[in-house]
Amino acid sequence: MEKTIAGKTIAVNEEGYLTDFSQWNEQVGEELAKEANINLTPRHWEVLKYLQKEQQNQVALSIRRVGKSGVVDIKEFYSLFPNAPLKTSTKIAGIPKPASCI
């Protein structure tokens, strides 16, 4: 599937996750955040960069791992990305949906 995001045609799966991270940039992230009704702050970007780094290092992501990361605790993670924080944040970050997400 393809979707136009920030003026670019982006390959996405049926759930809207990017299938090619090389197509992601901060403007794409901003647009995906708007779709989720989230206004990104510098704190959001810290978490998104952490998630991207973990994905690049092939670390399996889970809410528990993110909460123990030292980057963000679980309570703040939920406040930054309400309603399914791991699914929402990974989608905005342009990385695949974690296996731990239903």
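Visitor: Why is T88 called buried?

Guide: Buried means under 20% relative accessible area, exposed means over 50%, and partly exposed lies in between, with a 1.4 Å probe and protein chains only. T88 has 14% relative accessibility, so T88 counts as buried. This is a predicted model, in which local features need pLDDT of at least 70 and side-chain atom pairs count only at pLDDT 80 or more, while totals for chains, interfaces and linings use all residues. Residues are numbered from 1 along each chain as its sequence is written, and side-chain values use heavy atoms, with hydrogens and water left out.

Visitor: What does T88 touch, leaving aside its neighbours within four places in sequence?

Guide: Contact means heavy atoms within 4.5 Å. On that basis T88 is in contact with A36, I38, F81, P82 and N83. The T88 side chain also reaches the backbone oxygen of N83 at 3.2 Å.

Visitor: Which residue does UniProt list for "active site"?

Guide: The unreviewed UniProt entry lists C101; such annotations may be inferred rather than shown by experiment. C101 has a relative accessible area of 14%, so C101 is buried. Not counting residues up to four places away in sequence, C101 touches L86 and K87.

Visitor: What makes a set of residues a nonpolar core?

Guide: The members are buried Ala, Val, Leu, Ile, Met, Phe, Trp, Tyr and Cys residues, joined through side-chain atoms within 4.5 Å. The largest such core here has 26 residues, and L51, F81 and I92 have the most contacts inside it. Helix α2 gives the most to this core, with five residues. Beyond four places in sequence, the contacts of I92 include W24, L32, L48 and F81.

Visitor: Why is K97 called partly exposed?

Guide: K97 has 24% relative accessibility, so K97 counts as partly exposed. E15, at 35%, counts as partly exposed too.

Visitor: How many salt bridges are there by this rule?

Guide: The count comes to six. Among them is E26 with K49, at 3.5 Å, N to O. R43, E46 and E76 are linked in a network of salt bridges.

Methods:
Helices (H or I, at least four residues) and strands (E, at least two) are DSSP runs, numbered from the N terminus. A polar contact is a pair of N or O atoms within 3.5 Å; within protein, one must be able to donate a hydrogen and the other to accept it, and residues adjacent in sequence count only if both atoms are side-chain atoms. A salt bridge is a side-chain nitrogen of Lys or Arg within 4 Å of a carboxyl oxygen of Asp or Glu.
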